[in-house]
Amino acid sequence: MTARTAAVRRPSLLRRLMQENSAVRRLDGLMLVAVAGLCVIGTLLVWSCTRTWAPGSTGLVKKHMLNEAIGVVLCAMVATVDHRAMRAYAPLVFFVSLVGLGLVITPLGATINGSHSWILLGGGFAVQPSEFAKVGLLLIIAMLLAQPAEGADRPRGLDVMLAILAAMVAMGLVMLQPDLGTAMVLAVITAAGLVLGGVRKRVIVGLVATAAVGIFSVFYFQLLEPYQVARFTAFVDPSVDPRGVGYNATQSLIAIGSGQLLGKGLLGGGQTTGRFVPEQHTDFIFTVAGEEFGFLGSAAVVVLLGVVLVRGLRIARKCEDRFGTLVAGMIVCWFGFQTFVNVGMTIGIMPITGLPLPFVSYGGTATFANLIAIGLLQAIKVRGQSFI
């Protein structure tokens with residue numbers, strides 16, 4: 001057989017990738033399309049709200065696109081790893097995330113926008129370890145709760161205690177920054193892991209009661225920072241100080257309301273161009289969508305995020321092993337809670353917290369963590385035995 005004949009008979013790379021049993025064919029394409037759509041929309045919104053004040057004619061969009069490109073590479077790398085093998089690396093990932101959180105509260109940490117949550121890397125780049133802590137925590141919780149006790153369908157009591165201890169350490173380090181929003185996300189991830197892991201109801205009730213007592217104590221003994229108290233005050237009544245603590249909430253509602261049904265068009269938002277809404281490229285980027293794309297455009301963003309959540313739930317439901325189910329379920333709860341809080345605070349139904357909108361807001365570390373989570377979901381999807 002000649003070399004030419006062998007080359008003819010050998011299937012092309014594209015054909016091998018598209019074979020029925022190939023990993024590419026088993027990826028969740030709809031989820032990837034939704035994430036890509038959100039990234040494109042986020043790039044346009046970041047361009048619109050930073051071009052008038054950030055250096056250069058394009059604002060921060062080039063840096064944002066670089067962050068997205070790095071995130072896509074991380075996503076692809078994680079997606080190629082067997083998620084069941086990740087159980088062995090979960091303690092290492094969690095330990096590294098704790099080291100990052102610990103470094104933040106040393107002189108290496110830096111304060112940005114009132115939160116001491118960053119480590120400066122130079123060259124205009126910074127990393128926020130609390131974002132990676134979300135990934136580290138869900139992996140360690142899934143590892144601990146995935147193996148039920150012998151002869152039972154529930155995790156061992158010791159493993160449950162270790163999972164709770166891991167969450168308390170991570171949340172404690174985050175609260176030292178302080179970063180209440182991220183601590184809330186970590187709490188939601190932990191609660192989701194305990195519920196999905198089959199922990200006994202009395203344990204969950206006890207944790208809820210403890211959390212309630214803790215929240216009451218925080219308010220009763222006035223343990224919140226002044227800016228956190230101001231955010232709750234603005235949530236209860238934005239009109240109490242529209243030029244002070246209620247400014248963000250008031251301007252956010254004005255920006256979204258002015259977009260009406262179809263919006264003012266990309267780059268056409270007066271609130272956005274005039275920079276009336278603070279931190280519009282990060283925490284308040286949904287206001288740019290509301291003003292420039294209108295109700296229909298902002299609803300499209302919510303729908304795309306909903307697609308990601310629904311596909312993630314499908315992956316969790318169809319996965320055969322407990323570890324994959326727990327990881328996928330906690331990621332969905334993470335994205336769902338963060339989306340609800342971010343969108344809710346811009347329309348006045350949630351207090352203002354420093355939580356970005358997944359895949360849309362500007363931010364390097366958050367983008368990396370979000371796309372790593374998508375890579376985890378894809379890895380679970382590719383190797384789940386029950387997928388069709």
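## Sheet, helices and salt bridges in a predicted model

D159 is buried, with a relative accessible area of 7%, where buried means under 20% relative accessible area, exposed over 50%, and partly exposed in between (1.4 Å probe, protein chains only). This is a predicted model, in which local features need pLDDT of at least 70 and side-chain atom pairs count only at pLDDT 80 or more, while totals for chains, interfaces and linings use all residues. Residues are numbered from 1 along each chain as its sequence is written, and side-chain values use heavy atoms, with hydrogens and water left out.

**The sheet and its helix**

- Three strands form an open antiparallel sheet in the order β1-β2-β3; strands (E, at least two residues) and helices (H or I, at least four) are DSSP runs numbered from the N terminus, and two strands pair if DSSP finds at least two bridges between them.
- The edge strands, each pairing on one side only, are β1 (109–112) and β3 (125–127), and the twist averages 55° from one strand to the next.
- Strand β2 (residues 115–122) pairs with β3 in the antiparallel sense over three bridges, and the bridge partner of L120 in β3 is A126.
- Helix α5 (residues 86–104) packs on the sheet and touches β1 and β2, its direction making about 100° with that of β2; contact means heavy atoms within 4.5 Å, and angles run from 0 to 180 degrees between N-to-C directions, with axes fitted to C-alpha atoms, for helices over the stretch in contact.

**Helix α7**

- Helix α7 (residues 157–175) has 19 residues and reaches 27 Å from its first C-alpha to its last, close to the 27 Å expected at 1.5 Å a residue, the expected span being 1.5 Å times one less than the number of residues.
- The buried residues of α7 include D159, V160, A163 and I164.

**Salt bridges**

- The count comes to four salt bridges, each being a side-chain nitrogen of Lys or Arg within 4 Å of a carboxyl oxygen of Asp or Glu.
- R156, partly exposed at 42% relative accessibility, meets D159 in a salt bridge of 3.1 Å, N to O.
- K134 and E131 meet in a salt bridge of 2.9 Å, N to O; both are buried and both lie in helix α6 (residues 129–145), three residues apart, about one turn of the helix.
- E291 forms a salt bridge with K264, their closest N and O atoms being 3.7 Å apart.
- E291 lies in helix α13 (residues 285–318) and K264 in the loop between α11 (247–258) and α12 (270–273), so the pair ties together parts that are 27 residues apart in sequence.
- E291 counts as buried at 0% relative accessibility, whereas K264 counts as partly exposed at 41%.
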